[in-house]
Amino acid sequence: MTKSLSIRSIKELIDSFQKIEELQATDLLKDERKGVQKLIQQFEKRLAREALIKEEHLQRLSIENKLRAQGFQYIAGIDEVGRGPLAGPVVTAAVILPEDCDALMGVNDSKQLNHEKRAHFVDLIKATALAYSITVTSVAEIDQFNIYEATRRSMLASVQKLTIQPDFLLLDAMKIDSPLPQASIIKGDQRSLTIAAASILAKEYRDQLMIDYGKIYPEFGFEKHMGYGTKTHLDALAEFGYTPIHRQSFSPVAQTLKIYNK
């Protein structure tokens with residue numbers, strides 16, 4: 001009889017449950033103590049959250065599963081981070097995931113996750129992926145080719161660096177010059193787990209680069225805005241001039257005549 005157990009003991013018991021049937025196999029539902037009923041409600045909410053996460057996980061695999069049903073085996077998701085900033089490189093990543101990737105439940109578009117969750121998922125993605133690669137495309141290349149073309153070239157480089165040759169490419173609203181079959185998915189980082197995984201790798205890698213640049217150029221606060229054109233960044237650009245990591249093909253950097261001199 002669980003009524004003889006303390007609330008603490010019952011909490012430990014309920015925390016060990018993974019299915020509603022485990023709760024139903026006890027007489028806890030008959031225990032009228034408020035503390036027990038609260039624990040049961042919390043357990044039911046946990047199950048509901050986990051069910052939702054699993055459902056969303058399966059939805060993000062629907063594109064990949066359809067492709068696997070067509071015979072494709074090594075599906076690479078490719079995404080970029082850093083097209084919009086005034087400073088810093090653009091970073092792309094490519095990821096090939098196995099068919100069984102339940103370890104990545106909760107992986108979503110990198111913009112919808114905080115740093116702590118992204119950092120946690122980076123390790124899981126690297127451990128789970130069949131192959132992954134990250135490419136950093138410099139400011140010089142961005143200024144030479146324009147940001148769109150530099151991003152496309154970076155994505156292609158990420159695909160070519162994979163240790164497993166993919167047989168299909170999934171991209172977030174982009175297309176690249178590859179002979180491989182590919183699909184450009186609108187909001188792909190939200191709809192495809194493979195693209196979302198690539199976005200997380202690229203985001204965390206680029207953010208760390210900008211944090212490091214923040215130490216080199218402390219006046220600009222790169223570690224806070226990651227190179228985007230915030231008021232703080234624009235004010236620093238006007239006061240201190242442009243640095244070697246600023247994109248001179250971007251306005252207002254192009255209108256800045258002063259060169260940074262530490």
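Q: Which strand and which helix each supply at least two residues of the lining of the second largest pocket?
A: In this predicted model, they are strand E1 (75-81) and helix H9 (193-216). The largest share, three residues, comes from E1. The pocket holds about 200 Å³ of space.

Q: Why is the largest pocket said to lie between domain 1 and domain 2?
A: Domain 1 (10-65) and domain 2 (72-206) both give residues to its lining, so the pocket lies between them. Its volume is about 240 Å³. Of the 13 lining residues, the closest to the centre are Gly-106, Asn-108, Leu-113, Lys-117 and Phe-121.

Q: Which helices each supply at least two residues of the lining of the largest pocket?
A: Helix H3 (34-60) and helix H5 (115-128) do. H3 gives the largest share, four residues.

Q: Why is the pair of Phe-17 and Phe-43 called edge-to-face?
A: Two values decide. Rings pair if their centres lie within 6.5 Å, and these centres are 6.0 Å apart. Planes over 60 degrees apart count as edge-to-face. Here the planes stand at 75 degrees, so the pair is edge-to-face. A search of the whole structure finds seven aromatic pairs.

Q: What parts does the pair of Phe-17 and Phe-43 tie together?
A: Phe-17 lies in the loop between helix H1 (7-15) and helix H2 (20-24), and Phe-43 in helix H3, so the pair ties together parts that are 26 residues apart in sequence. Both Phe-17 and Phe-43 are buried, a label that needs under 20% relative accessible area.

Q: What links Tyr-217, Phe-220, Phe-222, Phe-240 and Tyr-260?
A: Ring pairs do, and they make these residues a cluster.

Q: How do you know that Arg-153 lies over the face of Phe-145?
A: CZ of Arg must be within 6 Å of the ring centre and within 35 degrees of the ring normal. Arg-153 is at 3.9 Å from the centre of the Phe-145 ring, and it lies over the face.

Q: Where does Arg-247 lie relative to Phe-250?
A: Arg-247 lies over the face of Phe-250, at 5.1 Å from the ring centre. The distance limit is 6 Å.

Methods
Residues numbered from 1 in each chain as written. Predicted model: local features only at pLDDT ≥ 70, side-chain atom pairs only at ≥ 80, totals over all residues. Heavy atoms only, no water. 1 Å grid on protein atoms, 1.4 Å probe; cavity = no way out; pocket = protein on both sides within 12 Å on 5 of 7 lines; lining within 4 Å. Points joined across faces, edges and corners; volume = space filled by probe spheres on them. Domains from an automatic or database assignment. Phe/Tyr/Trp six-rings, centres within 6.5 Å; stacked < 30°, edge-to-face > 60°. Buried < 20%, exposed > 50% of the residue type's maximum accessible area, 1.4 Å probe, protein only.
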